[in-house]
Structures are given as structure tokens and as C-alpha cells.
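Please take a moment to look over the sequence and the structure below before reading on. The paragraphs that follow are meant to be read with both in view.

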Amino acid sequence: MTSARAEILEWLVQRVTAAILAVCVIVHLAVIVIAVQGGVTSKEIVARVGGSVPWLLFYSVFVVSVALHAPVGLRNILREYTSFGRRTTHWIMAAVCVLILVMGFRAVIGLYGLGA
Amino acid sequence: MSSETITVEIWRGKEEGEFQTYQVPRMESQTVLDIVTYVQRNLDPGLSYRFACRVGVCGSCAMTVNGKPRWTCRTHIDKVAGDGTLRIQPLRNLPVIRDLAVDMTDFFEKWTQAKAQFVPTATRADDFAQVSPDDPQRKEASAGIECINCGVCYSACDTVAWLGDYLGPAALNRAWTLHNDVRDGGRAERLKAISGSGGCQACHSHQSCFELCPKHLNPTASIAGLKRATVKAALKGEI
């Protein structure tokens with residue numbers, strides 16, 4: 001893939017995931033606001049999310065979107081504020097993507113497992 | 001009016017230098033370029049600056065005036081020096097040659113990098129191209145073609161300041177007008193040229209270029225058009 005093509009597709013991925021995240025964040029915040037009405041306990045969280053396939057899918061989409069969205073933005077910041085080369089920023093992008101995927105899915109699958 | 005004076009601070013030196021203060025008589029309808037010219041002719045003959053037409057056509061006289069890039073020949077003192085003081089500096093984002101004159105080489109080099117030149121497809125044997133003024137592409141091109149290459153947008157752009165290889169609003173605006181020229185044959189190559197790490201995707205849409213363009217063009221909108229065009233081309237496999 002040419003660098004121009006990669007640049008365009010990365011930009012597109014960041015915009016598409018931004019649109020998905022806009023919905024995900026609103027749902028996430030709305031659930032928090034509703035959930036705190038009765039006091040937040042781990043038991044209550046597990047009762048809602050644990051073993052729930054719709055929530056598993058929702059948070060999986062959330063994690064994948066963040067894992068794709070954040071590294072592109074971070075790469076842009078690094079380009080503008082540091083003198084890191086293209087290769088270096090790409091490796092940092094890849095590492096951040098993997099880190100978010102691992103941490104995110106650890107939480108998502110862990111919570112799902114608690115209710116299964 | 002002529003009995004009054006205005007305090008003017010003008011940058012002297014290169015990247016390293018200092019402001020010098022002058023007292024310049026106020027005149028009616030006085031422009032920033034009038035002030036600089038008065039200083040050079042009457043107070044300090046060694047002052048370096050650049051101008052040519054004095055009527056907003058050539059794009060030579062842009063400078064930073066009270067912190068913002070302006071075309072000085074058509075910037076009236078009344079509009080920019082409300083408190084009676086004026087600070088004039090060279091344009092930002094370009095190397096200073098001396099005093100108020102900057103080296104525009106990078107600015108124009110990036111036009112070349114962006115392949116911002118017309119690529120003809122017709123020959124002498126072909127008839128004139130028929131382009132209706134109502135054609136949507138013609139309207140997009142018309143909205144951006146009055147650029148005078150003054151460098152105000154390039155100087156105003158934060159992305160240019162942060163990202164050294166960013167092509168900048170003027171070169172990208174020119175690329176967009178050519179992209180909308182039905183006679184042009186260089187679209188795919190041009191879209192590729194403006195999509196590298198310093199390409200149109202780097203624009204943050206701060207719109208300083210739009211706010212300060214003396215010709216009231218909107219390079220941010222042109223760049224947004226290029227972003228859409230590059231995505232379409234990439235999805236079609238043309239890039």
C-alpha cells in the first residue's frame with residue numbers, strides 16, 4: 001500500500017470510528033446516569049452486563065472503535081509535537097492499538113464471564 | 001489628522017532581532033503599507049520590506065500586523081490600530097530574510113509538491129471546452145480561483161507551524177480548483193501528491209485561513225473537498 005493510500009484510509013477509519021464512538025459514548029454515559037440513581041455497586045453492574053450478549057457486542061464495538069480511533073489521533077499529535085519518524089510513529093500506533101484491544105477485551109470478556 | 005502621530009513598532013533583523021519604535025504622522029485613509037513606506041523613506045532607509053502593486057493584486061506585501069497576517073496595502077490603520085499603536089512583523093511560518101521580508105521559497109515549493117499546476121488534455125486541434133457557469137464543479141473551482149499567493153493563509157495556519165511538511169492552505173486550495181477543472185488531466189496524480197503525511201488529511205479545520213484570507217476565500221472548505229475526493233479515489237482503487 002502506498003503511503004498516500006494508507007494515509008487516506010487511516011483518516012477514513014478515524015472519521016468512521018468517531019461517528020460510532022459518538023453513539024457509544026452517549027449510550028455509555030446515559031447508562032451511567034441511569035445506573036447511579038440507585039447507587040452503583042459491583043453486584044448491580046454484573047447483574048446488568050454480566051452474561052448479556054447485547055452488552056458484550058456493544059462494548060466489543062466500543063473497544064474496537066477506540067483501538068482504531070485513538071492511535072491515529074495519537075500519531076498525528078506525535079507528528080506535530082515530536083520529531084519521531086514515520087516508522088517510529090507507526091510502531092507506536094500499532095502498540096497502542098494492541099494495548100487498547102487487550103485491556104478493553106480483558107474488561108469486556110471478564111464482565112461477561114462474571115454473569116455467565 | 002496630519003498633526004497626529006501613531007506609534008509604530010517594526011521588527012528589525014532576521015530570526016534574531018528586535019522591535020524599533022517610530023512615530024509616523026497619521027493621514028486620512030492611511031494603510032499599513034503607507035506607514036512602512038513612510039518609515040523607509042523618511043526615518044530609516046535601511047528598512048527591508050516587499051511590495052509591488054499597492055492595490056491588492058500582486059500579493060507581495062503581506063506582513064504580520066498586531067499579531068495577525070494581513071495584506072498591508074489594503075489594511076487601513078483605522079481597522080487594526082484601535083488603541084493607536086501598531087506592531088508590524090514579518091509573516092510567520094517562513095524564514096525571515098531581513099526585517100519584514102520573508103523567503104517564500106518553501107511556500108511556492110509546496111505548490112509544486114502538490115502538483116498544483118494545470119495538466120492539459122486537449123490539443124490545438126480540439127475545440128474550446130464548453131464549461132457552463134452553472135456547472136457544480138465550475139462553481140467549486142470559481143469559489144477558490146481568486147488566490148493572489150500572498151501567503152497570509154500559510155502564515156495564519158497552526159498546522160503549518162506544527163508540521164513542517166504540511167502543504168498548507170494555499171497549495172491545497174489550488175489543488176482543489178484544478179481538481180474541479182474538467183479540462184485537467186492530472187487528478188489522480190495530484191490526489192496522491194496531496195495525501196502524504198503533510199497532505200490534506202493533516203488539516204485540523206481551525207479555519208484561520210478562512211478567517212484571514214484577504215480575498216475571502218475558504219481554503220478549509222477546499223481542503224474538506226479534497227479529503228472527500230481522496231477517500232472516493234482510494235475506495236475506487238485509483239490511489
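This is a predicted model: local features need pLDDT of at least 70, side-chain atom pairs count only at pLDDT 80 or more; totals for chains, interfaces and linings use all residues.

What follows goes from confidence to overall form, and then to the contact between two chains.

In chain A the mean pLDDT is 93, with 97% of the residues reaching 70 or more. Confidence in chain A is lowest in helix α2 (residues 42–49), where the mean is 86, while helix α3 (residues 53–81) has the highest, at 96.

Turning to the architecture, chain A contains four helices and zero strands, so that, read from the N terminus on, its elements follow the order α-α-α-α. The radius of gyration of chain A is 17 Å, whereas the globule rule gives 13 Å for 116 residues, and because the value is well over that figure, chain A is more spread out than a compact globule. Along the principal axes, the C-alpha atoms of chain A fill a box of roughly 50 × 25 × 25 Å. Of the 116 residues in chain A, 15% are buried. Among the contacts in chain A with a separation of 6 or more, 81% are between residues 24 or more positions apart.

Which residues does the contact between the chains take? Chain A gives twelve residues and chain B gives 13 residues. On the side of chain A that touches chain B, α1 (3–35) and α3 of chain A each supply at least two residues, and the largest share, eight residues, comes from α1(A). Sorted by class, this side of chain A has five nonpolar, two polar and five charged residues.

Key. Residues are numbered from 1 along each chain as its sequence is written. Chains are lettered from A and ligands numbered from 1 in the order in which they are written. pLDDT is the predictor's confidence in each residue, from 0 to 100. Two residues are in contact if their C-beta atoms, placed from the backbone, lie within 7 Å. Ala, Val, Leu, Ile, Met, Phe, Trp, Tyr, Cys and Pro count as nonpolar, Asp, Glu, Lys and Arg as charged, and the others, Gly among them, as polar. The radius of gyration is taken over C-alpha atoms; the globule rule is 2.2 Å times the number of residues to the power 0.38. A residue is buried if 20 or more other C-beta atoms lie within 10 Å of its own, exposed if 12 or fewer, and partly exposed in between; C-beta atoms are placed from the backbone.
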